[in-house]
Amino acid sequence: MLDLLRFGSQGWGDEMAWGAAMTVAVAVLAYAIGLVLGSLTAAAKLAGNAPVRALAGTYTTVVRGVPALLVIWLLFFGGSGLVTWVAAAFGYGGRVELSAFAVGVVAVGIVSGAYAAEVIRGAVQAVPRGQVEAAKALGMHTGLRLRRVIVPQALRYALPGLGNVWQMTLKDTSLVSVVTLAELMRQAFIASGSTRQPFVFYLTAALVYMALTTASEAGFRLLERRAERGVRRAVG
Amino acid sequence: MDFDLIARSLPQLLSGAGLTLQLVGLSLVIGLALALLVALGRLSTLKPVAALTGAYVFLFRSTPLLVQIFLIYYGLGQFAAVRESFLWPLLREPYWCAVIALALNTAAYTGEIIRGGIRSVPFGQVEAARALGMGGALLYRRIILPQAFRQALPAYGNEVIQMVQATSLASTITLMELTGVARAIASRTFQPVEVFVIAGAIYLALNFVVTQAVRLGERRLGREAAR
C-alpha cells in the first residue's frame, strides 16, 4: 500500500507533496488577503460613516452566512466577467480569464476576511478606553495612537481568534479542489482515480491536514505566549 | 438582473433548499445524540474511554469536512469487506454518506460545546443533589444536563448555522442540494450572479430562522431559570 506513496515516477508521493505545498500557498495568501480585508472592515465598522459601516456590515453578515463553496462557485463563474468588465473600464478590450489559483485564493480570502473582521473588531474594542484617552491627553495623533497604543494591545487580544480563523482558512482551501486547482484534495482525487485506492490517498490527505493544523496550533500557542510575556496574571 | 431567469430557476433552487434542510435536520439529530456520548466520554474517569473520545474529537476537528466526506463515500468502498457488509446499502448511497459524514463531524464540535456546558455547572449543584439522594442518571437528567444545555445553547446555535453551510459540500458527491443546484444552473446559463444571489438569500433566510429560534430558546430557558 505504501508503494503508492513513493516519490518519483513510480508513486504518488511527490504529487501529494506538491499538492500539500499548493494547499499551504493558497492558505497563506488567502489568510494574508483575509487579514487586510478584515482590518479594513473592522476599521470601517468602528470608525466609518453610516454608508461605510453598512457596507462592512453587509459584507460580514452575507459572507459569514453563506457557504464558502458558494463564494468559490460565484467567483469561478462570475469572476472573469467582473475582471473583464473592470479592465474594459480602463480601456482594455479583450477578455480576462482568472486562473483557478486566483479564484481559490481570492474566494477563500474573502471568506477569511469576514471572520477576521469580527475578531479584530472585538479585539480593538477590548482595549480599555482609558488607554486611548491617555494617549490623546499626551497629544498623540490618530496614526501614532493606533501604532503605539491600540494595535499592540489589540493584537494580543486578537491572537486566539485569529488562530481559529487560520485553522478555518487552511481547511477551507480543500474546497478549492472543486475548481480543479492541483492542491492536496485534487491530487488525492486524481491519484484515487488512477489507482482505484481512494482510501489510501484520502487518508494521506487527512493526515497531512492534521499535521498542518497541529503544527500551526503549536505555532499560534508560541505566539500567544510571546504576546503575553509582559502580562501579570492572577492564576498560572 | 434577468428576472425571467430568476423566476425559472426559483422552483429548482427551492427544491434544492428542501434537500439542504433534510440533510441539516437528519445530521443534527444524529449528531446531537452522538455529541452527548462524546461529551460524557470526554469527561469519563475511565482513561481509555476519555482517550478514545478525545482522539475522535481531534480527528474530526483537525481535518476538513471534505476529506471526511470523500473518505466515507469514495474511500470505504475500496474494501471488499465493506462492500459485502450489511452497511453497504447505506454506504453506497451519496445521501447517507453525506448524512453520516455531517453527523460525525458535528458530533465532534457539539461534543466539545456540551462538555463546556457540563463543566460550567457549579459543583454545589451536584453536592446538593447528592445530599438529596440523587445519583447517576437521575443527577444528570434533572440537574446537570438541563443547566449544561442552557449554557451551551448560544454556541450550539452557531454550530447549527455552520451545519447549514456545511451541507453545501454534499454537492461534491452528486447531491443536488441548494449549492449544487445553483452551480448547475450557473454552468448551464452562464448567468451566475442572479442564481447565486437567490441561493445566498435562501441561506441567509435559513440562518435568520435559526438565530431567531435560538433566541427564543434562550429566552424560554432564561425564564425558567429566573423562576
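Residues are termed buried when their relative accessible area is under 20%, exposed when it is over 50%, and partly exposed in between, with a 1.4 Å probe and only protein chains considered. The structure is a predicted model, in which local features need pLDDT of at least 70 and side-chain atom pairs count only at pLDDT 80 or more, whereas totals for chains, interfaces and linings use all residues. Residues are numbered from 1 along each chain as its sequence is written, chains are lettered from A and ligands numbered from 1 in the order in which they are written, and side-chain values use heavy atoms, with hydrogens and water left out.

Chain B contains 10 helices and zero strands, these elements being DSSP runs numbered from the N terminus (H or I over at least four residues for helices, E over at least two for strands). The C-alpha atoms of this chain occupy a box of roughly 70 × 50 × 25 Å along the principal axes. Of the 227 residues in chain B, 49% are buried. Contacts are defined by heavy atoms within 4.5 Å, and among those in chain B with a separation of 6 or more, 77% join residues 24 or more positions apart. The accessible surface of chain B amounts to about 11,400 Å², 65% of which belongs to carbon and sulfur atoms; accessible areas follow the Shrake-Rupley method with a 1.4 Å probe, and for residues only the protein chains shown count as cover.

An unreviewed UniProt entry assigns the feature "domain: ABC transmembrane type-1" to residues 13–214 of chain B, and the same record type places "transmembrane region" at residues 20–43, 55–76 and 195–214 of that chain, also from an unreviewed entry. UniProt positions are given in the numbering used here, feature names are shortened, and annotations may be inferred rather than shown by experiment. In the model, residues 13–214 of chain B are 82% helix and 0% strand, with end C-alpha atoms 26 Å apart. Residues 55–76 of chain B are 82% helix and 0% strand, their end C-alpha atoms lying 20 Å apart, while residues 195–214 of chain B are 100% helix and 0% strand, with a corresponding separation of 29 Å.

Eight salt bridges are found over all chains, a salt bridge being a side-chain nitrogen of Lys or Arg within 4 Å of a carboxyl oxygen of Asp or Glu. One of them joins K45(A) to E118(A), with the closest N and O atoms 2.6 Å apart. This pair links distant parts of the chain, K45(A) being in helix α1 (residues 13–47) of chain A and E118(A) in helix α4 (residues 100–126) of chain A, 73 residues apart.

In chain B, the side chains of R8(B) and D4(B) form a salt bridge with an N to O distance of 3.6 Å. R8(B) and D4(B) both lie in helix α1 (residues 3–42) of chain B, four residues apart, or about one turn of the helix, and both are exposed. A further salt bridge connects R42(B) and E112(B) at 2.9 Å, N to O. R42(B) is in helix α1 of chain B and E112(B) in helix α6 (residues 94–119) of chain B, so the pair ties together parts that are 70 residues apart in sequence. R42(B) is partly exposed, at a relative accessible area of 26%, whereas E112(B) is buried, at 14%.

A nonpolar core is a set of buried Ala, Val, Leu, Ile, Met, Phe, Trp, Tyr and Cys residues joined through side-chain atoms within 4.5 Å. The largest such core has 104 residues, and those with the most contacts inside it are M185(A), F201(A), L13(B) and L23(B). Helix α4(A) supplies the largest share of this core, 10 residues. Apart from neighbours within four places in sequence, L13(B) contacts residues including L178(B), I185(B), V195(B) and I202(B). A second, separate core of 13 residues includes V121(B), I143(B), L145(B) and A148(B).

S168(B) is located in the loop between α8 (136–166) and α9 (178–189) of chain B and is buried, with a relative accessible area of 1%.
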